[in-house]
Amino acid sequence: MSKKVSRRQFLTYTLGGTAGFLGMGMLFPMIRFAADPMLKKGGKGAFVKTNYKEDQITETPLSVDFRVDVKDGWYVPEGGEPRTAWVMKSEGKILALSPVCKHLGCTVGWESNPQFKGEFFCPCHFGRYFKNGTNVPGTPPTKPLDQYETKIEAGHLWIGPIKKA
Ligand code: FES
């Protein structure tokens, strides 16, 4: 029994196959383009050298600015993204606190409210933290400030990623 392919079927198969082939050719680069940022390695975990030397760090919190390489999808800021840490000596070690309030992300300042000497203060909702970054009970933040990893190399302060809790 012979099975003949009609002209209509032949055209349907041929055009369908061609369209599918061309569609795949267009789809693959689009998927690759969308997924590319996820496939590349970021600069996570790197330490950056600051402009401060070890002997400049005292028990009084010092606002230290630094820049980190950030890759957020296609966003790669030139020269790195600016960050700040409150750095001090505490019990003989270096403590570097993130200034980002754990309540809703405002920026905390050292003794920025004269009512609360010796504390970090968040002006947004009157959040308070003790000098070691622990949140003051009864104020909006429910967690301590994040801490950065630090190291001293050739006398200079280096700041790394946020420590894992
Ligand atoms: S954001 Fe800091 S207290 Fe609300």
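In what order do the strands of the open sheet of three strands run? The views below take you there step by step.

**View 1. The whole chain at a glance.** Welcome to a predicted model, in which local features need pLDDT of at least 70 and side-chain atom pairs count only at pLDDT 80 or more, while totals for chains, interfaces and linings use all residues. Residues are numbered from 1 along each chain as its sequence is written. The protein chain holds one helix and nine strands (DSSP runs numbered from the N terminus: helices are H or I with at least four residues, strands are E with at least two). Of its 165 residues, 18% are buried (20 or more other C-beta atoms within 10 Å of the residue's own, with C-beta atoms placed from the backbone).

View 2. Strands count as paired if DSSP finds at least two bridges between them. Look for K89, which stands opposite I94 in β4. Two residues lie between the strands of this hairpin, and E91 in the turn has a positive phi of about 50 degrees.

**View 3. β4 meets β8.** Two bridges pair β4 with strand β8 (residues 147-153) in the antiparallel sense. A96 faces Y148 of β8 across this pairing.

**View 4. The open sheet of three strands.** The order is β5-β6-β7, and the pairing is antiparallel. At the edges are β5 (109-110) and β7 (127-130), each pairing on one side only. Four bridges link strand β6 (residues 119-122) with β7 in the antiparallel sense, and F120 has Y129 as its bridge partner in β7.

Note on methods:
Buried ≥ 20, exposed ≤ 12 C-beta atoms within 10 Å, placed from the backbone.
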